[in-house]
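Hi,

Here's the structure I said I'd pass along.

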Amino acid sequence: MLEIRHLHMLATLSRHGSLATTADELNLTASAISHQLKELESYYDITLVNRKTRPVTFTPAGKLLLQLANHTLPQVARTTSDLRRLAHGQSGQLRLASECHSCFDWLMPILNIYRHEYSDVELDFATGFEPEPHQMLIDGDIDLLITTSNLPIDGITYQSLFTYESRLILSPAHQLASQERIQPANLTDETLIVYPVEQERLDIMAKFLTPAGITPKQLRTTELTAMLIQLVASERGVAALPDWVAAEYEKKGWIVSRPLGTGVYCQLYAAVRTNSLDMAYMKGFLALLDDIIKP
């Protein structure tokens, strides 16, 4: 029966043309190499090499097996290497999701570095708009979640990233732009533009409006930060965004931002399954996150 060791032997014999030299490279005896050849020839009832020539030459049948060896052995080597990397946590798939829908502004540079340092890891992304992202993490549908909710769940470990301020953004022409600070009652008659997630996952609702018993006149949803900015700039409503995002568009003159009351501050975390912390590629990503400097 044809085995990988036979293909290795044939490929080595082709390079050296000598049973003795082939045996030396494979740490075998010349008689062991001769036995492997006879084993194959007996199994297929065909001659594979011309032993009397110097160097040894291959018959048409031998050349056919040599062609198989040259095609198969590199694939075997690559797969073996991949398996070893997987076994040591150096290769695999890292699926990310973020409840902070504007976080990719600071996350993209980290992802670019990570792709270079862990080229064997396949990066994938979930939308982050799913209703139960923590459950997705537990179920293995994602591997890392950027979140403001460090829920005490068995099997999940949180790495603290940084604190940010959630600020109200509005058109420079909006009547509330003249106020230094926004109070909950100011938003009673406003259209609040938000991402399409549950209200309890929205900073402005959970930490500002709901505790004050205030509900805005209307909620309008959009999945894209760029669209949210455009809607606010064209006076279709107001919104709340992290301070670094607000500052970027405020510099362009498209919007202005104001603090919510005395300030709404949120802590950002990276959540991962505890049993994945020993994986080399997970350690690498968390180490990059640990180097974050708030934009």
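Asn 50 is partly exposed, because its relative accessible area of 32% falls between the 20% and 50% cut-offs. Bear in mind that this is a predicted model. Asn 50 sits in strand E1, residues 49-50. Ignoring neighbours within four places in sequence, Asn 50 has contacts with Val 56, Thr 57, Phe 58 and Thr 59. Thr 79 is 29 residues away from Asn 50 in sequence, and their C-alpha atoms are 33 Å apart.

Now for the helices. H1 (residues 4-16) and H3 (residues 30-44) have axes that come within 11 Å and cross at roughly 115°, and the crossing is left-handed. On the H1 side, the contact is made by Arg 5, His 6, Met 9, Leu 10 and Leu 13, while H3 brings Ile 33, Gln 36, Leu 37, Glu 39 and Leu 40. By type, that contact splits into 6 nonpolar, 2 polar and 2 charged residues.

On to the cores. The largest nonpolar core has 59 residues, and the members touching the most others are Trp 106, Leu 144, Ile 204, Phe 285 and Leu 289. Strand E10 (residues 256-273) supplies the largest share of this core, with 7 residues. Apart from that core there's another one of 14 residues, including Leu 10, Leu 40, Leu 48 and Phe 58.

Cheers

Notes
Residues are numbered from 1 along each chain as its sequence is written. This is a predicted model: local features need pLDDT of at least 70, side-chain atom pairs count only at pLDDT 80 or more; totals for chains, interfaces and linings use all residues. Side-chain values use heavy atoms; hydrogens and water are left out. A nonpolar core is a set of buried Ala, Val, Leu, Ile, Met, Phe, Trp, Tyr and Cys residues joined through side-chain atoms within 4.5 Å. Buried means under 20% relative accessible area, exposed over 50%, partly exposed in between (1.4 Å probe, protein chains only). Helices (H or I, at least four residues) and strands (E, at least two) are DSSP runs, numbered from the N terminus. Axes are lines fitted to C-alpha atoms, for helices over the stretch in contact, and angles run from 0 to 180 degrees between N-to-C directions. A crossing is left-handed if the near helix is turned anticlockwise from the far one by less than a right angle, and right-handed if clockwise. Contact means heavy atoms within 4.5 Å. Ala, Val, Leu, Ile, Met, Phe, Trp, Tyr, Cys and Pro count as nonpolar, Asp, Glu, Lys and Arg as charged, and the others, Gly among them, as polar.
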